[in-house]
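Hi,

Here is the model I promised to pass on. Have a look at it first, and my notes on helix packing and cavities follow below.

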Amino acid sequence: MTPSIITKTLQQGTAIPAHPLALNASRQLDERRQRALSRYYIASGVGGLAVGVHTTQFEIREPGIDLFQPVLELASEEMDRADATRRVPLIRVAGICGPTDQATREASIAREAGYHYGLLSLSALKEADEETLIQHCRAVAEIIPVFGFYLQPDVGGRLLPYSFWRRFCEIENVAAIKMAPFNRYHTLDVIRAVAESGREDIALYTGNDDNIVLDLVTPFRFRSGENVLERRIRGGLLGHWAVWTSRAVEILDECQQIASRGEAIPLSILQLNTEVTDCNAVFFDVANRFQGCIPGIHEVLRRQGLLEGTWCLNPQETLGPGQLAEIDRIYEAYPHLNDDAFVAEHLDDWLSG
């Protein structure tokens, strides 16, 4: 069972960055910088870390690379270190993917490494029918509480209709859902399914990189008979929040305060949504159909000194054409969104020890 304080934190909503993978020029794990990344996120005020997810690179699971368990354990060690002096423990989310035998094996590894939730990708089951998908999810949920995941097809996901999500909500050990279809229609399918299920204990998290800020301040209301059902997206689990993280935590806090007051959304928030979306389009290389989505994150971390380079396990995964110039542009256009000064102040400490 997940400790109640972890459950409460998840349901209240927090910032959970998707943890990148630090490599050296030989494309081997750079443990020193991997730990530094975890320390950076924790010092930024996040409520948890997601490890072994898309941003960590799916290739960590390949035979001969075999980094899935090591990167989970490294992040867990850093969270253990932090939790020793924290009032509220960090939420630990492990990415889980593959067919059922692989997914259940990864769920067991994550549980043994001390992770609270498994972020369950269904990308490997693109041709499976709905019943097969549900049985797959149930099998994983028997091992570890599940964090559902709607990943957009452009980066490997599949379409998941309302009927799937409504049945998914009937799985007792479902704790949360990350919505990242980058599509308003599909996002509404998930939220309506949760609302109509009556499950108050399923936390909704945004992964919609094209609408992060507005997702966090919007009340979602649905009529069911004489009743009006409302749900809120409480937090974010985002690759976007792997950079400029201390500012992301501040933005989430601001959004949560606005949502809790129930007031009209200020124009400044609408503008902020546009600015954050523009930055995300650059980080994730939307212009080149997400070719440089992971190297783009790496480039920002490299400029800050957290990473040595932008290397990925797949040598073909590189920055897209024009992406470097675009990163220069958003640095100039939105200086209030980066946290370079914060990183510079603490970098030596994070890289030591």
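Is the crossing of H10 and H12 left-handed or right-handed? The crossing of H10 and H12 is left-handed, where left-handed is the label if the near helix is turned anticlockwise from the far one by less than a right angle, and right-handed if clockwise.

Before the rest, some housekeeping. This is a predicted model, in which local features need pLDDT of at least 70 and side-chain atom pairs count only at pLDDT 80 or more, while totals for chains, interfaces and linings use all residues. Residues are numbered from 1 along each chain as its sequence is written, and side-chain values use heavy atoms, with hydrogens and water left out. Element names follow DSSP runs numbered from the N terminus (helices are H or I with at least four residues, strands are E with at least two).

**Helix packing**

H10 packs against helix H12 (residues 323-333) at an angle of about 155°, and their axes are 9 Å apart; axes are lines fitted to C-alpha atoms, for helices over the stretch in contact, and angles run from 0 to 180 degrees between N-to-C directions. That angle makes H10 roughly antiparallel to H12 (under 35 degrees counts as roughly parallel, over 145 as roughly antiparallel, 65 to 115 as roughly perpendicular and the rest as oblique). On the H10 side the contact (heavy atoms within 4.5 Å) is made by Asp278, Cys279, Val282 and Phe283, and on the H12 side by Gln323, Glu326, Ile327, Arg329 and Ile330. By class, this contact of H10 with H12 has 5 nonpolar, 1 polar and 3 charged residues; Ala, Val, Leu, Ile, Met, Phe, Trp, Tyr, Cys and Pro count as nonpolar, Asp, Glu, Lys and Arg as charged, and the others, Gly among them, as polar.

H10 has another partner in H9: the two pack at an angle of about 145°, with axes 12 Å apart, and H9 passes H10 in a left-handed crossing. Here Ile251, Glu254 and Ile258 of H9 meet Ile269, Leu272 and Val276 of H10.

Helix H2 (residues 31-43) and helix H3 (residues 68-83) have axes that come within 10 Å and cross at roughly 45°, which makes H2 oblique to H3. H2 passes H3 in a right-handed crossing. The residues of this contact divide into 6 nonpolar, 2 polar and 6 charged.

**Cavities**

How many cavities of 30 Å³ or more does the structure hold? There are 5. On a 1 Å grid over the protein atoms alone, a cavity is a set of points where a 1.4 Å probe fits but cannot get out, and lining residues have an atom within 4 Å of a point. Grid points are joined across faces, edges and corners, and a volume is the space filled by probe spheres set on the points.

The largest cavity has a volume of about 210 Å³. Of its 20 lining residues, the closest to its centre are His54, Leu151, Lys178, Asp209 and Phe284. Its lining has 13 nonpolar, 5 polar and 2 charged residues.

The second largest cavity has a volume of about 110 Å³. Its lining consists of 13 residues, with His240, Trp241, Ala248, Ile251 and Val276 nearest its centre. Helix H8 (212-217), helix H9 (245-261) and helix H10 (267-283) each give two or more residues to that lining.

Best wishes

Terms used:
On a 1 Å grid over the protein atoms alone, a cavity is a set of points where a 1.4 Å probe fits but cannot get out, and a pocket is an open set with protein on both sides within 12 Å along at least five of seven lines; lining residues have an atom within 4 Å of a point.
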